[in-house]
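Please look over the sequence and the model before reading on.

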Amino acid sequence: MEILAPAGSYAALKAAVENGADAVYMGAPQFNARVNAQNFTDEEFKNGIELCKKNGVKVYAVLNTLIYDNEFKKVLTLAEKLTDIGVDAFIVQDIGLAEALKKCTLGTVPLHASTQMSIGNLDGVLKAAEMGFTRAVLARELSRKDMEYIAKNSPIELEVFVHGALCVCYSGQCRMSAVIGNRSGNRGACAQPCRLPYEKGYTLSLKDNCLLEYVKELDEMGIASLKIEGRMKGESYVGSVTAAYADAKRGEPYSENKKDELAKIFSRDGFTDGYYLNKTGKTMFGTRKENETIPPYTQPKKEYKRFFVDFTVKADDNRNIIFSATDRENHSAEAVITAEQAANAPTGEEQLKKNLNRLGGTPYELRNLICDTKDNFIPASKINDARRQIISSLDAMKNIKKGSFTLKLPEKKIYPEAKNMEIEAQYTVLKNAVKDERLSRIWLPLTSVKEKKFRELTDFYGDKTGVVLPMIIRDENRHEIKNLIEIALNNGVSDFLCGNIGHIYALSGYDANLYGDTGLNVTNAHSRDAYMDMGLKKVTLSFELSMRKIQDLADSTTGILIYGRLPFMTMRNCIKGNGHGCENKNKPYYLKDRMNKNFLVTCGYDCSNEIWNSDKLWLADKELPRLAFGRLLFTDESESEIKDVINAYSGLGETEREMKNLTRGLYYR
């Protein structure tokens, strides 16, 4: 198990290495989820890798943002540079980029599935493995039971966040910053609206995560990597937190004092382990105190040894002493000195061990020593010379392992043009759903398949009916979801709207038609093509795209949201009530911000919450590209409002509207 530390600057990188990190993750100025960190120039990246390799530390390069079509040459050129200087893996969110990297590197540089891919169950991990990822970074919302189950059944490595800031929204599913502030979290520029005060306080601000006391448990569980968040933080934070987890990994007993020390360095009203213990609720929320400063960084007092070395010391008949050594990577080195005949006390094992063990300032530690010096006396200075010569030789053998890279820009597949845009509707609740034969398809929640209204709508719409899976399905709910899928199929519903790669895997064994929802974050043709290759019929493009970019992707396979409250966040925590069966479940609830905007909050599956935009998307008066479909998304509208919207988009109602409480989203910015 490795301790994976953040490096947002060279100083932070050095602190991570000095304090026991087994691996670091770092990014160039572009295409990473922390573009506002200091990040690394080409030269700094090269120097950083050299520092890490000398100390036995792996380097993972973050390319974990969504990519636009016109950026592929630039991002692949960057990946080529990073491959050439020897990165150990790429952390990737965008499926199209992942497919391109696989073809460019031919698998010589491993791919890690970013937490931005919202992988929250075994199905998601299995799909990631099927797609060629060698490691999946799990969603931060998982409990120890969730992790244990996935680890027991995963064919690839797993990485979990153990310390640092928690997003209140599942990573990859937050668009609040993008829509209201034009700063996309999926593009690395999140403005953190979750840290702002709302009418009822800091409703969305979670405390920082701290799983220090569970390090041994996670190791025994089979987790490959413990990840520390913090590429926006400096060397003091990185060094101190890395040291704490490195010590815990190496067997130092847990103490509350150590946790308190970390809280003084950085926390938000202390720490939380709520997700890990499956205890969500108000105790998980907290804020950073004003004017709080991080203590100055001090040079670490400990040295973290990452390479064992086995020495053999033997004398021949001519008083030549042959020192030979082998490290954990089977590198071997040798040094020969001439001994002196011992007058009184020949040099023995104890003296040799004392001098050979003087490995301060190096990542080596002496493991085994085999010696036969006969009756020879070896001056301490000569032993030290031999040791230094051998260590220098072993260092020189630590060549940076470089993957191969052939820059190949992926080709876009050509699909037929859409004949005309079909209008479909999606309902988050069935209460006010209407019957209208002009709709080409109607999407209903999978969780509503047992309701009487579901059967009524299915009887009316027939094979135009499809179901929407919950965004996140935890493994403990797998059996229930499977039953609901089978009920839908038995009722003649075979179309499923998938917003997560785990959905695609879960439905692969059924005779079902799969469609991609906005949760798949499709922002380029190569991601679209990858999902089509997985068997999807059509995909919904990200509503973070401009209409100009949508125009380039418009064909018979793509569509967009054209009406409704845009989904801003999907949260495991409930901010409406106290958990399952709460009294507020079916009551309207709004989150009011400092601008007096009211964001609708609804209850989702498994007591999750959804936050929706205060303003509703309106495009009925716009001339739209020739897409396969436009989807109307209904949340809290009355039946009459729904009919009015359908009429407007069907050309039979008034399309011009006063834009108060309406928005164009990001389409025309």
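## Ser440

The model is predicted. In this model, strand E17 spans 422-427 and strand E18 spans 441-445, and Ser440 lies in the loop between these strands.

Is Ser440 buried or exposed? Ser440 has a relative accessible area of 18%, and it is buried because the cut-off for that class is under 20%. Leaving aside residues up to four places away in sequence, Ser440 touches Glu422, Ile423, Glu424 and Lys464.

## Phe405

Phe405 is found in the loop between helix H12 (380-396) and E17. With a relative accessibility of 14%, Phe405 also falls under 20% and therefore counts as buried.

Which residues does Phe405 touch, not counting those up to four places away in sequence? They are Leu76, Ala79, Glu80, Thr83, Leu101, Cys104 and Thr105. Asn320 is 85 residues from Phe405 along the chain, and the C-alpha atoms of the two are separated by 48 Å.

## Cavities

Rolling a probe the size of a water molecule over the atoms shows where empty space is left. The structure holds 5 cavities of 30 Å³ or more, and the largest cavity has a volume of about 130 Å³.

The lining of the largest cavity is made up of 15 residues. Those nearest its centre are Gln93, Met117, Gly519, Leu520 and Tyr531. By class, this lining has 6 nonpolar, 8 polar and 1 charged residues.

Key
Residues numbered from 1 in each chain as written. Predicted model: local features only at pLDDT ≥ 70, side-chain atom pairs only at ≥ 80, totals over all residues. Heavy atoms only, no water. Helix = DSSP H or I, 4+ residues; strand = E, 2+ residues; numbered from the N terminus. Buried < 20%, exposed > 50% of the residue type's maximum accessible area, 1.4 Å probe, protein only. Contact = heavy atoms within 4.5 Å. 1 Å grid on protein atoms, 1.4 Å probe; cavity = no way out; pocket = protein on both sides within 12 Å on 5 of 7 lines; lining within 4 Å. Points joined across faces, edges and corners; volume = space filled by probe spheres on them. Nonpolar A, V, L, I, M, F, W, Y, C, P; charged D, E, K, R; others polar.
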